[in-house]
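Hello,

Here is the structure I promised to pass on to you. Have a look at it first, and then read on for my notes.

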Amino acid sequence: MNKFWTVVGFTVRNKLRAKSFLITTLIMAIIMSIGVNLPAIISLFDKGDSGKTIQIGYVVQADDSAGTKLSEQLKSYFASQEKPGVEFIEIAKAANAQEAEKALKAAIADKKIKGYLSFGEVTPSGLPSVTYKSEKMLEGSTTLKLESALRNVRTENILKDAGVSEEQKAQLFAPVAIESVQIAATDGAGSTAGGKDASEQGMAIALVTIIILILFFAIMVTGQMIASEITSEKSSRVMEVLITSVAPLTQMFGKIFGVFIVGLSQIIVYVLVIVANASMPHNSDAFKQYNIDLSTIDPMLLVYALIYYLAGYFLYSTLYAAVGSIVSRTEDLGQAVMPITLLSMAGFYIATFSLSNPDSMLVTVGSYVPFFSPFVMMLRIGLSNPPVWQVLTSLGILFVSIYLAGWLSAKIYRTGVLMYGKRPSWKELRKAMKAYKI
Amino acid sequence: MKPLKVDQIYKQYGEKTAVNGISFEVGQGEIYGLLGANGAGKTTTMRMVLGLIYPDGGEVLYNGKPYSKELLQSLGYLPEERGLYPRIRVSDQLIYLAELRGMSKRDADSNLKRWLERFEVPEYYNKRVEELSKGNQQKIQFIASVIHNPQIVILDEAFSGLDPVNVELLKSTVKELRDNGTTMLFSTHRMEHVEELCRNITILHRSNAVVQGSLKEIKSRYPRERVILKTEGDVNGLDAIGGVTKVNRHEYGYEIHIAKEEAAGEILRLAIGQTDIQRFEVLEPTLNEIFIKTVGERHE
């Protein structure tokens, strides 16, 4: 036991001291800070944009009553809006189109207006065709505002012609109210027990996505770390000294546990960074704007996330350790860990592609398969309502698999660390196991 | 009770026999030589002594007791393929390795400092291994194998890759350890080291022990076949003596190969009759010759 902790301590110390590790952690923390602050940053830019008002000029033109009328209607429409973003300004009175153009262009040159409208033939919509002219390219947002204003003016005109009362108009424009609430019909391990409205459902999907993503990366990154540590010990031949100093199993599990501590502390740092950023006042405002409410997170969901993280980590890390032990050179490692990586990716993708469909057959079956269940069962717990017994069964299968994987990996490890040269095939490995009496 | 007793160990990998019934004993304060060409079974034998793999037959006894995990602390191992963590400081990794062998951090630290002092490189304490030259890495590796004061040390090719000055330094250290009672199992290709250090040897060839015993006794078993003769003037008629197979002239004199030892006397008498003699020596066979003879003969 003593030696186990010596291995753990050595692993943790050297990992935490490595520059590459510190830099990676720092970069990730910065990226996460930016991610958390993104809503606030976006709304900052939004404000700057919406605060600006575009001045659009028009001319009272003697020979174009339809255009003049429309301009005045648009002016009164924008004047009645709370945040119009567009302001109509009468520039001059003119006798014909040429005169009007001249006056308006002069106004643009004087920076009194940004652009103006010119009108064409009356179209089937009842309004003349409209051209917005300005010096800028692709005035998308202004055009959009004008378009909705024009639509509004048209509707008003038609309703007025049809003699619809103000009350009927109000009824016509009132939004219909429909809300979808997710409920749980039975008691289960999921977090839907109290029912969830749309924004909470959105929250849950986002949260589960984040949890599965973290789970996946934590397992992948730490697993690879274990495998490469072991392979580098083997390729630098320090392994020969190590295996004559301490039992291979102590060494292997010490390494796994050491990297676990490193990985966990990394996750804790990230979580702290996220929480610290999220609790800053400017962010809570921004979150509210986007309907993000952290208090709706079910603590049980986080507990399950932790359990599945632990289970997933130890299941995968033992396999990564076994693969690391049979590879002699670091260059060969990437290829050798590919099957494990694909396995974890399969679980991850089953979970992420089923986000909108957490009750499918694939998900239900996947939530029992040991290599997939850390991801897939998290999805079910977060987004639907699996019965408690199903969760326990899935965990039970997972724990048995961890034991079996640990046992098998230990055997491979004890054989693998003694074998040098080309990567052994399964047959060679079995033969060697027999020869070494492992 | 001998510290290390290897009794009829036998190991088979699949169809191939790696070690075929080898036995030897190493006493306290003795360096035992294990010789053999590449692939003769040296590494497998050492691995079995280290407890890394179990013999299919026979047993290894340490102070009369079979292998156990606790025993690891009293074993030291210098592997043929050197290995240390390249990016970790010397002090960190050597103290770690000593701790793994059951030493306290404080004792390991003071031992390490003493050893660095002994090799006249105390400034390496805080250096990373990759910063050191190859020869100095070897010194660190050697310290790694003896830092925990082991009772039995296994040295696989201890002096390979070292310059002559460092070989002498390490050799004298090994002798010191021997004189302090450490038991050592020593494998090498370099016969002159064996002649200098080992009392008893085993020559392995294709998994079998072909020559075994004390160095002196082994040498006496092989006839003396070489005469060195240095004289004032030239000696004529050496070729004509019965039993002389070959005469070589060197800077230092004549090197005469003989088929039977009686010829040596004839050579001396002939030389005395012709000129003054400065040196006359009937040489023992070198271990190198014995090795090549025993291993070479069976090579066909």
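**Notes on the two chains**

I'll start with a detail from chain B: on one side of its helix α8, the residues B:E262, B:G265, B:R269 and B:G273 are exposed. Please keep in mind throughout that this is a predicted model.

What does the other side of that helix look like? In α8 of chain B, which runs over residues 262–274, the buried residues are B:A263, B:A264, B:I267 and B:A271. These four sit on the same side of α8(B) because they cover an arc of only 105° around the axis. The general rule behind such a pattern is that an α-helix has 3.6 residues a turn, so residues three or four places apart point the same way.

Now for chain B as a whole. Its domain assignment gives domain 1 at residues 4–220 and domain 2 at residues 223–284. Between the C-alpha centres of domain 1 and domain 2 of chain B there are 42 Å. UniProt, in an unreviewed entry, lists "domain: ABC transporter" for residues 4–231 of chain B. Over residues 4–231, chain B is 34% helix and 29% strand, with the end C-alpha atoms 49 Å apart.

Most residues other than glycine have a negative phi. B:N63, although not a glycine, has a positive phi of about 50°. You will find B:N63 in the loop between β4 (57–62) and β5 (75–78) of chain B. B:N63 is partly exposed, with 15 other C-beta atoms within 10 Å. B:E157 is placed in the loop between β6 (152–156) and α5 (164–179) of chain B. B:E157 has 18 C-beta neighbours inside 10 Å and counts as partly exposed.

On to chain A. Its secondary structure comes to 17 helices and 4 strands. Of its 438 residues, 33% count as buried. Among the contacts in chain A with a separation of 6 or more, 75% are between residues 24 or more positions apart.

An unreviewed UniProt entry carries the annotation "transmembrane region" for residues 20–45, 204–227, 256–280, 301–323, 335–355, 362–383 and 389–410 of chain A. I looked at two of these spans in the model. Residues 20–45 of chain A are 100% helix and 0% strand, and their end C-alpha atoms lie 35 Å apart. For residues 362–383 of chain A, the figures are 73% helix and 0% strand, with 15 Å between the end C-alpha atoms.

Finally, how do the two chains meet? In the model, 20 residues of chain A are in contact with 24 residues of chain B. On the side of chain A that touches chain B, α1 (2–17), α8 (238–243) and α17 (426–435) of chain A each supply at least two residues. Helix α8(A) gives the most, with 5 residues. By class, that side of chain A has 10 nonpolar, 5 polar and 5 charged residues.

Happy to go through any of this with you.

Best wishes

Notes:
Residues numbered from 1 in each chain as written. Chains lettered and ligands numbered in written order. Predicted model: local features only at pLDDT ≥ 70, side-chain atom pairs only at ≥ 80, totals over all residues. UniProt positions renumbered as here; feature names shortened; annotations may be inferred. Contact = placed C-beta atoms within 7 Å. Nonpolar A, V, L, I, M, F, W, Y, C, P; charged D, E, K, R; others polar. Domains from an automatic or database assignment. Buried ≥ 20, exposed ≤ 12 C-beta atoms within 10 Å, placed from the backbone. Arc of directions from axis to C-beta.
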